[in-house]
Amino acid sequence: MRSRSRLPVLTALLAATGLQRLTALDLGKDMGGVTQGIEFLDQARQDAVSVRGEDVVVIGGGNTAIDAARSAWRLGAASVRILYRRTREEMPAIAEEVDEA
């Protein structure tokens, strides 16, 4: 396990746990800048969120995660990274969507 002091500083983190309902990701303490994937997509649809110039990390491998990553990129994020615990082939998201992301 890596030391927290060696982790990169992030400006935004999206937790895209899917299932069309909010499922909290326990990060241990209040982490400002952490948004659930569905909540982020709703805010993006309403033009109520900005990630312009931010480095965004999306945790998840389902359709919600891929949609959130693509939306963050379209909204002007400086970079978008997707973190998933399994291989790309095991991602439950639609393969074409993963390829486009």
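What follows is a chat about the overall layout, the core and a few single residues.

Visitor: What kind of model is this, and how are its residues numbered?
Guide: It's a predicted model, where local features need pLDDT of at least 70, side-chain atom pairs count only at pLDDT 80 or more, and totals for chains, interfaces and linings use all residues. Residues are numbered from 1 along each chain as its sequence is written, and side-chain values use heavy atoms, with hydrogens and water left out.

Visitor: OK, how many helices and strands does the chain have?
Guide: There are three helices and four strands. Those are DSSP runs, numbered from the N terminus: H or I of at least four residues for helices, E of at least two for strands.

Visitor: Which way do β3 and β4 pair, parallel or antiparallel?
Guide: β3 and strand β4 (residues 79-83) run in the parallel sense, with five bridges between them. Strands pair here if DSSP finds at least two bridges between them. To find the spot by eye, look for Asp 55, which stands opposite Ser 79 in β4.

Visitor: And what do β3, α2 and β4 make?
Guide: A right-handed β-α-β unit. Right-handed means that, with the strands pointing away from you, the path from the first strand over the helix to the second runs clockwise.

Visitor: Switching topic: how much of the chain is buried?
Guide: Buried residues are 29% of the 101 residues. Buried means under 20% relative accessible area, exposed means over 50%, and partly exposed is in between, using a 1.4 Å probe and protein chains only. As for the surface, the chain exposes about 6,900 Å², and carbon and sulfur atoms supply 49% of that. Those areas come from the Shrake-Rupley method with a 1.4 Å probe, and for residues only the protein chains shown count as cover.

Visitor: So which residues are in the largest nonpolar core?
Guide: Nine of them: Phe 40, Val 51, Val 56, Val 58, Ala 65, Ala 68, Ala 69, Ala 72 and Ala 77. The elements giving two or more residues to this core are β3 (55-59) and α2 (63-74). The largest share, four residues, comes from α2. A nonpolar core here is a set of buried Ala, Val, Leu, Ile, Met, Phe, Trp, Tyr and Cys residues joined through side-chain atoms within 4.5 Å.

Visitor: Why would side chains like that sit together?
Guide: In soluble globular proteins, nonpolar side chains tend to be buried together.

Visitor: Which residues are buried in α1?
Guide: In helix α1 (residues 37-45), Gly 37, Phe 40 and Ala 44 are buried. They lie on the same side of α1, because they cover an arc of only 60° around the axis. That arc is taken from the directions from the helix axis to the C-beta atoms.

Visitor: How buried is Gly 37?
Guide: Gly 37 has 2% relative accessibility, so it counts as buried.

Visitor: What about Leu 41, what does it touch?
Guide: Leaving out residues up to four places away in sequence, Leu 41 touches Thr 64, Asp 67, Ala 68 and Ser 71. Contact means heavy atoms within 4.5 Å. Leu 41 is found in helix α1, and its relative accessible area of 23% makes it partly exposed.

Visitor: And Ser 71, is that buried or exposed?
Guide: Ser 71 counts as buried, at 11% relative accessibility. Ser 71 is found in helix α2, and beyond residues up to four places away in sequence, it touches Phe 40 and Leu 41.

Visitor: Where is Asp 47?
Guide: Asp 47 is in the loop between α1 and β3. It's exposed, with a relative accessible area of 63%. Asp 47 also has a positive phi of about 55° although it is not a glycine.

Visitor: Last one: what does Glu 97 touch?
Guide: Not counting residues up to four places away in sequence, Glu 97 touches Ile 66, Asp 67 and Arg 70. You'll find Glu 97 in helix α3 (residues 95-100), where it counts as partly exposed at 27% relative accessibility.
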